[in-house]
Amino acid sequence: MFSYIKGTLEEYWEDTIVVESGGIGWNIHVPLSVLDRLPHVGEQIKVYTSFQVKEDSMTLYGFFSRQDLKMFKQLLGVNGIGPKGALGLLSAMRPDDLRLAVISGDAKAISATPGIGKKTAEKLILELKDKLNIEDMLEHAAHGGDSEDLASGTDTASNTMQAEAVQALTALGYGSAESLRAVKKSSPECSSVEDILKEALKFLL
């Protein structure tokens, strides 16, 4: 129903912000990753939203990027995780850290979230691992996690090279999580997969 809401930040508390748009003050529930990066009250803000309807309530959930909104919706697709649970996960863990935990199969990190047990964490990993990919994480990171625009051609090429470098490192026996972290530390001046691998290996050896 709503793709995003753009307007003036009027107030905020706990897990909720109020954005005035079109003469209406919208209550939007947000994770800590949004609260930690809010502009000053009275400034403009753009929030990508998910509208959830239950028998006794209608609630808006908001995020600073389409990728984080997508992560929220993917969490809702896991049996046993509702909107509050999904928001709790994205508050306890930064979205990129949660993606990394899923890709690397780190159930311990996910189950550290209040209300998320080991079985739910394992189920989450099983159901989402194939839906998340390294390329998406690299694209998200390349834009600081909150860009409104899609990657440019140059960024896409860079992300492809980094993804290939991660795959090469995992083929060498390194874990996907540590490979991804090492590749993300490589210089943006790297112009080939080989250059990225050389730099990434410096962090791994």
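The model is predicted: local features need pLDDT of at least 70, side-chain atom pairs count only at pLDDT 80 or more, and totals for chains, interfaces and linings use all residues. Residues are numbered from 1 along each chain as its sequence is written, and side-chain values use heavy atoms, with hydrogens and water left out.

**Strands**
- Five strands form a closed barrel in the order 1-2-3-5-4, with mixed pairing. Strands pair if DSSP finds at least two bridges between them.
- Neighbouring strands of this sheet are turned by 55° against each other on average, direction ignored. Axes are lines fitted to C-alpha atoms, for helices over the stretch in contact, and angles run from 0 to 180 degrees between N-to-C directions.
- Strand 1 (residues 4-13) pairs with strand 4 in the antiparallel sense, over five bridges.
- Tyrosine 4 stands opposite tyrosine 48 in strand 4.
- Helices (H or I, at least four residues) and strands (E, at least two) are DSSP runs, numbered from the N terminus.

- Eight of the ten residues of helix 4 are buried, so the helix is largely enclosed by the rest of the structure. Buried means under 20% relative accessible area, exposed over 50%, partly exposed in between (1.4 Å probe, protein chains only).
- The buried residues of helix 4 include Pro95, Leu98, Arg99 and Ile103.
- Glycine 105 follows helix 4, with a positive phi near 70°.
- The whole structure holds one salt bridge, meaning a side-chain nitrogen of Lys or Arg within 4 Å of a carboxyl oxygen of Asp or Glu.
- Aspartate 68 and arginine 99 form a salt bridge, with the closest N and O atoms 2.8 Å apart. Aspartate 68 lies in helix 2 (residues 66-76) and arginine 99 in helix 4 (residues 95-104), so the pair ties together parts 31 residues apart in sequence.
- Both aspartate 68 and arginine 99 are buried.

**Largest pocket**
- The largest pocket has a volume of about 240 Å³. On a 1 Å grid over the protein atoms alone, a pocket is an open set of points where a 1.4 Å probe fits, with protein on both sides within 12 Å along at least five of seven lines; lining residues have an atom within 4 Å of a point. Volume is the space filled by probe spheres set on the points.
- Its lining has 14 residues; His29, Thr59, Tyr61, Pro83 and Lys84 lie nearest the centre.
- Strand 4 (44-54), strand 5 (57-63) and helix 3 (83-92) each supply at least two lining residues. Helix 3 gives the largest share, five residues.
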